[in-house]
Amino acid sequence: MANEAPLSFEATAFQCFVRGLRGVWRDEAYRGAVEAAKRAGSDDLPEIERRARESSAYRLYSWLERHSQQFKYYGRYGVVRWMEQRKGALEKVLQDAAKRHPERLVLDPALALPDYVEQVDTHQHGGGIWSDACDAFAYETSSSAYSFSLFNPRSPMDVYAAAARAIAPQAKAILDLGCTSGGSTRALKRAFPDAKVTGIDVAAPTMMLAHLRTLEEGLEIHWRQANAENLPNEHGSADLVASHWLYHEMPPAAVRRSLREARRVLKKGGGFLAYDMYLVPGGAIGRWLQAGYAARNNEPFAHTYAGMDMKAELEAAGFTGIEMRVAHPEPDDAVKAGALPEFRTHYMTMITARAA
Ligand SMILES: C[S@@+](CC[C@H](N)C(=O)[O-])C[C@H]1O[C@@H](n2cnc3c(N)ncnc32)[C@H](O)[C@@H]1O
């Protein structure tokens, strides 16, 4: 993969510093916040919050949760600032790539962005990933080399692709909803080399970057700018509809419409897979941490998605054989038993089902 805007020594050092701050958030500050929450001795989230605010560990934890992310994007050597200095060159790279195999990149300039994409600076990234080339490259850099999940950024994709193979081993037509710059889509294509794999997203710049990266890797993937709530695909045309980290960015009504669309485009018996933050370990304290994260990192629907009854939603949308389990890339026995993890991370849940 070409690196069109390599970070300078200073920018790399700055990002390593921010990553160090994130380590403090994940470990010491998190443990202090959990201790403070336990002292509240309550299952009531507002009461836990009120009592935890008395603790400096929790104040540090919540400050770092919000501000380390802002530093990453907008500090003096933040990745958005860095990309903005190269805007013209980055736009040209994407436009040049779009001229190669243009039949594989179908953009829809008339597509209206959903409010929950346009009006939320998701991850505190102003303009999200849909505004321009800088944002697409900034998201790609920040979610790979400087990933704040603090584990190998490719490992969730490998878990995702393996689950896809398990649910639909013979799939020939696959959709990856919310594909962004195509990390999850390429993982699916590697796992299903003979299938037609299509990445779907509402954001054009990031799909252009997905197209570029896929050409670089020599894979044939199709990209279609569309809304997961209103797919352009025919009824009963797909063997597998999958998504990696999509639904926690959509409000419940939009998730519901997307499930119905997934069922509509799937063949009977086709596979559905959603790999995302859904099951929240750790009881009331886990839910309190998740709600705080959703507010502080501008991911309001991470909280509402975790509160949805996905089994009932999938049944109502026409799915059967629904299974859900914690399926984190680095499994943790405590979490499997429902307890809080040793350190703060966002536990991943695998939801699978079949079109009835
Ligand atoms: C966290 S990212 C997904 C990451 C991606 N799957 C990967 O593996 O790198 C969420 C993506 O969902 C997209 N998205 C949000 N709502 C959407 C919708 N209704 N239809 C299609 N894409 C949507 C956003 O534009 C964003 O690119």
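A polar contact here is a pair of N or O atoms within 3.5 Å; inside the protein, one atom must be able to donate a hydrogen and the other to accept it, and neighbours in sequence count only if both atoms belong to side chains. The structure is a predicted model, in which local features need pLDDT of at least 70 and side-chain atom pairs need pLDDT 80 or more, while totals for chains, interfaces and linings use all residues. Residues are numbered from 1 along each chain as its sequence is written, and side-chain values use heavy atoms, with hydrogens and water left out.

An oxygen atom of the ligand lies 2.8 Å from an N or O atom in the side chain of Thr 180. On its own the ligand would expose 610 Å², and the protein buries 96% of that (areas by the Shrake-Rupley method with a 1.4 Å probe; for residues, only the protein chains shown count as cover).

Who sits around the ligand? In total, 19 residues surround the ligand, and the closest are Gly 178, Thr 180, Asp 201, Asn 227 and His 244; to be near, a residue needs a heavy atom within 4 Å. This shell splits into 12 nonpolar, 5 polar and 2 charged residues. In this sorting, Ala, Val, Leu, Ile, Met, Phe, Trp, Tyr, Cys and Pro are nonpolar, Asp, Glu, Lys and Arg are charged, and the others, Gly among them, are polar.

Next come the aromatic rings. A pair of aromatic rings is described by how far apart the centres are and by the angle of the planes. Rings of Phe, Tyr and Trp (its six-membered ring) pair if their centres lie within 6.5 Å, and planes under 30 degrees apart are stacked, over 60 edge-to-face, and the rest tilted. By this rule there are 12 aromatic pairs. One of them joins Phe 14 and Tyr 77: their ring centres are 6.2 Å apart and their planes meet at 55°, so the pair is tilted. This pair ties together distant parts of the chain, with Phe 14 in helix α1 (residues 9-40) and Tyr 77 in the loop between α3 (56-74) and α4 (79-84), 63 residues apart. Helices (H or I, at least four residues) and strands (E, at least two) are DSSP runs, numbered from the N terminus.

As for cover, buried means under 20% relative accessible area, exposed means over 50%, and partly exposed is in between (1.4 Å probe, protein chains only). Phe 14 has 18% relative accessibility, so Phe 14 counts as buried, whereas Tyr 77, at 23%, counts as partly exposed. Tyr 73 and Tyr 74 make another tilted pair, 6.0 Å centre to centre with 50° between the planes. Elsewhere, Tyr 247, Phe 272, Tyr 278, Tyr 305 and Phe 319 form one aromatic cluster.

Some rings also have a charge over them (NZ of Lys or CZ of Arg within 6 Å of the ring centre and within 35 degrees of the ring normal). Arg 22 lies over the face of Trp 25, 4.1 Å from the ring centre. Likewise, the charged end of Arg 165 sits over the ring of Phe 192, 5.0 Å from its centre.

Polar contacts turn up within the protein as well. Gln 15, in helix α1, is buried with a relative accessible area of 0%, and its side chain reaches the backbone oxygen of Tyr 77 at 3.3 Å. His 211, in helix α10 (residues 204-217), is buried at 1%, and the side chain of His 211 reaches the backbone oxygen of Ala 97 at 3.3 Å.

Finally, a look at the backbone. Gln 124 has a positive phi of about 65° although it is not a glycine; Gln 124 lies in the loop between α6 (115-118) and α7 (133-143) and is buried at 6%. Asn 298 also has a positive phi, near 50°, and lies in the loop between α12 (283-296) and α13 (300-306).
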